[in-house]
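Me: I have a model open and would like to learn how to read it piece by piece. Could you walk me through it, starting from a single residue?

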Amino acid sequence: MTGISHSVVTAATLFAATHNVFIAGSALLGSTFPDRIEGPLWQFWHRSYSHWFVLYVAAMAFLWTPDMLSVTGMQVWQSGILGMIRKFLFWFFAGALLHILEDAICGPVPFLYPTKRTKVLPRLFKVGSVGEIIFVIVYCAVLYLAAGKL
């Protein structure tokens, strides 16, 4: 997926799931992180270590607390700066994890080993294609319709 598609799908998914702007915004910022950390050698490194889900799951497990799912504006401020950073980073890495899942529907990603890309899900479209745009629009429309029924 392109960067904008990652951002839109991730933010829409987490906002629909949580109805929380802090969570959706934090995840939106993390949604392009796996691509951004590859640096100038991105063609050599693309979809290797930066796209290995194990690293993000480990980071999220380290940051996890039971109150992570019930983040409200008041709770974020009352938790202090370190609590706020911890909650931001948890949802930031959740966005990065969604990035990897989103990449898995348009090509191979690392699964068991960080340097071996594997086809995990069926390829639905090519990156940057009209199929990607249609997918994002339909996905967001389905989320919107589902949110109205919840």
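Reply: Happy to! Keep in mind that this is a predicted model. Let's begin with Phe92, which is found in helix 7.

Me: Is Phe92 buried or exposed, and why?

Reply: The general idea is to look at relative accessibility, where buried means under 20%. Phe92 has 11% relative accessibility, so it counts as buried.

Me: Which residues is Phe92 in contact with, leaving aside its neighbours within four places in sequence?

Reply: Setting those neighbours aside, Phe92 is in contact with Ser26, Ala27, Leu29, Gly30, Phe33 and Arg36.

Me: How do I read the packing of two helices, say helix 5 and helix 7?

Reply: Look at the axes and the angle between them. Helix 5 (residues 53-63) and helix 7 (residues 80-104) have axes that come within 9 Å and cross at roughly 155°. An angle over 145 degrees counts as roughly antiparallel, which means that helix 5 is roughly antiparallel to helix 7. Their crossing is left-handed.

Me: Which residues make that contact?

Reply: From helix 5 come Phe53, Tyr56, Val57, Ala59, Met60 and Leu63. Helix 7 brings Arg86, Leu89, Phe90, Phe93, Ala94, Ala96, Leu97 and Ile100. Sorted by class, this contact has 13 nonpolar, no polar and one charged residues.

Me: What about the largest nonpolar core: which residues touch the most other members?

Reply: That core has 18 residues, and those touching the most other members are Leu14, Tyr56, Met60, Phe90, Trp91 and Phe93. Helix 2 (21-30), helix 5 and helix 7 are the elements that give two or more residues to it. Helix 7 gives the most, with nine residues. Apart from this core lies another, of six residues, among them Met1, Val9, Ile105 and Val136.

Me: And which contacts does Phe90 have, beyond its neighbours within four places in sequence?

Reply: Phe90 is in contact with Met60, Leu63, Trp64 and Met68, once those neighbours are left aside.

Me: Now for the whole chain: how many helices and strands are there?

Reply: The protein chain has eight helices and two strands, in the order α-α-α-α-α-α-α-β-β-α along the sequence. Of its 150 residues, 39% count as buried.

Methods: Residues are numbered from 1 along each chain as its sequence is written. This is a predicted model: local features need pLDDT of at least 70, side-chain atom pairs count only at pLDDT 80 or more; totals for chains, interfaces and linings use all residues. Side-chain values use heavy atoms; hydrogens and water are left out. Axes are lines fitted to C-alpha atoms, for helices over the stretch in contact, and angles run from 0 to 180 degrees between N-to-C directions. Helices (H or I, at least four residues) and strands (E, at least two) are DSSP runs, numbered from the N terminus. Angles under 35 degrees count as roughly parallel, over 145 as roughly antiparallel, 65 to 115 as roughly perpendicular and the rest as oblique. A crossing is left-handed if the near helix is turned anticlockwise from the far one by less than a right angle, and right-handed if clockwise. Contact means heavy atoms within 4.5 Å. Ala, Val, Leu, Ile, Met, Phe, Trp, Tyr, Cys and Pro count as nonpolar, Asp, Glu, Lys and Arg as charged, and the others, Gly among them, as polar. A nonpolar core is a set of buried Ala, Val, Leu, Ile, Met, Phe, Trp, Tyr and Cys residues joined through side-chain atoms within 4.5 Å. Buried means under 20% relative accessible area, exposed over 50%, partly exposed in between (1.4 Å probe, protein chains only).
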